[in-house]
Amino acid sequence: MGLLKFKKFIQYHLRHQPVNHPAQEHELGIVRLGYNPIEFKNSLWRVSNSFEVRERIRIAFQGSEYPIFEVRLGSSRESAPRLFILSGIHGNEEGGILAVPVILERLREQPQLVSKVNVRILAPVNPVGAYNHSRYNASGHDINRDFVNFRTPEARLIRLLFDEYKPDFVLSLHEGPQRGTFMFANACVPATMALALVEALQRAHVELAERDYFGRRLDPPGLAVATWPSQALVAAWARYFHMMTVHEYAARRGIPEITLETSWRSGEWYNRILPHVELVLELLKQLGSWVQE
Ligand SMILES: [Zn+2]
């Protein structure tokens with residue numbers, strides 16, 4: 001492990017508040033896609049005649065306010081499985097944020113895709129970070145480490161939605177430094193479902209990662225599942241460092257969660273946006289099949 005990697009490992013995994021503002025990190029090799037909050041908001045308003053779009057909360061930073069949007073769509077039947085999608089908890093992972101308007105356009109064109117599933121989307125979960133192209137929120141916290149202490153308003157909002165919405169499945173859209181796309185599936189995701197999702201990405205010609213960003217070989221490519229050693233590490237991390245991701249927070253509630261990671265090193269729309277879109281479409285298909293006819 002090189003010194004930079006080691007420093008980043010400590011920064012990302014052992015410090016609650018690595019910086020005190022939404023700092024940019026230029027050494028990570030992130031290719032920018034050009035997230036623009038005005039364009040993003042307009043793209044959500046464009047679909048607001050089909051779906052319920054609203055500002056859920058606003059995060060204040062340096063005299064301005066940055067909204068987190070909530071989109072509600074799909075079946076309103078009580079028996080419909082509930083899918084909760086979190087986009088942009090790390091503000092500099094633009095692929096998962098810019099995929100949201102594309103996903104919504106696709107679902108508007110093909111409403112039958114959400115006829116059996118209830119969907120709720122939060123985007124961007126870290127609006128100050130997204131505006132500043134930062135992993136961190138306004139106070140320099142990594143929101144996706146805050147699911148023990150809940151010091152950030154963004155993590156508290158997600159906790160509120162877990163309680164209020166009671167999702168049956170959670171999907172978090174992320175990006176990372178690895179080559180290609182992969183997903184972490186927590187222990188609650190049925191193995192056959194995880195494999196079907198990876199196969200769907202393969203059919204869409206998504207380049208699947210051979211290794212995750214810790215360097216572990218993925219078998220099959222594109223899929224990282226919870227193992228005994230990884231679960232023990234995550235438990236110790238929560239217990240001794242009080243750090244937890246949404247992925248583990250969901251697992252402890254018995255809720256399946258998938259964290260999708262596309263490669264932030266690519267400037268290609270195809271590699272950055274498409275995997276998020278395809279995964280959501282396949283997940284809707286899979287969740288729809290849970291419903292008894
Ligand atoms: Zn991330």
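A residue is called buried if 20 or more other C-beta atoms lie within 10 Å of its own, exposed if 12 or fewer do, and partly exposed in between, with the C-beta atoms placed from the backbone. Helices (H or I, at least four residues) and strands (E, at least two) are DSSP runs, numbered from the N terminus.

Good morning, colleagues. The model on the screen is predicted, so local features need pLDDT of at least 70 and side-chain atom pairs count only at pLDDT 80 or more, while totals for chains, interfaces and linings use all residues. Residues are numbered from 1 along each chain as its sequence is written.

I begin with strand S4, residues 118-123. How many of its residues are buried? The count is 6 of 6, and the strand is mostly covered. Asn118, Arg120 and Leu122 point one way from S4, while Val119, Ile121 and Ala123 point the other way. Both sets are buried.

Next, the partners of S4. Strands of a sheet pair through backbone hydrogen bonds, either parallel or antiparallel. Two strands count as paired if DSSP finds at least two bridges between them. Strand S2, residues 64-74, runs antiparallel to S4 and is joined to it by 6 bridges. Within S4, Ala123 is the bridge partner of Phe69. S3 and S4 pair in the parallel sense, over 5 bridges, and here Leu83 has Val119 of S4 as its bridge partner. S3, H3 and S4 together make a right-handed β-α-β unit. Right-handed means that, with the strands pointing away from the viewer, the path from the first strand over the helix to the second runs clockwise.

Let us turn to the sheet. It is an open sheet of 8 strands with mixed pairing, in the order S1-S2-S4-S3-S5-S8-S6-S7. Its edge strands are S1 (52-61) and S7, each pairing on one side only. Neighbouring strands are turned by 20° against each other on average, direction ignored; the axes are lines fitted to C-alpha atoms, and angles run from 0 to 180 degrees between N-to-C directions. Elsewhere in the sheet, strand S6 (residues 182-185) runs antiparallel to S8 and is joined to it by 4 bridges. Ala185 has Ile258 of S8 as its bridge partner.

I now come to helix H10, residues 274-288. Its 15 residues reach 21 Å from the first C-alpha to the last, close to the 21 Å expected at 1.5 Å a residue; the expected span is 1.5 Å times one less than the number of residues. Among its buried residues are Leu279, Val280, Leu283, Leu284 and Leu287. What covers the buried residues of H10? The cover includes strands S3, S5 and S8 and helices H3, H6 and H9, where contact means C-beta atoms, placed from the backbone, within 7 Å.

Finally, some backbone details. Most residues other than glycine have a negative phi, and most peptide bonds are trans. A cis peptide bond joins Ala123 and Pro124, with omega about -20°, and Pro124 lies in the loop between S4 and helix H4. The bond from Asp219 to Pro220 is also cis, with omega near 5°; Pro220 is in the loop between H6 and strand S7.

His133, in the loop between H4 and helix H5, has a positive phi near 50°. Is His133 buried or partly exposed? His133 is partly exposed, with 19 other C-beta atoms within 10 Å. Lys166, in the loop between H5 and S5, has a positive phi of about 50° and is exposed, with 11 other C-beta atoms within 10 Å.

Notes
Two residues are in contact if their C-beta atoms, placed from the backbone, lie within 7 Å.
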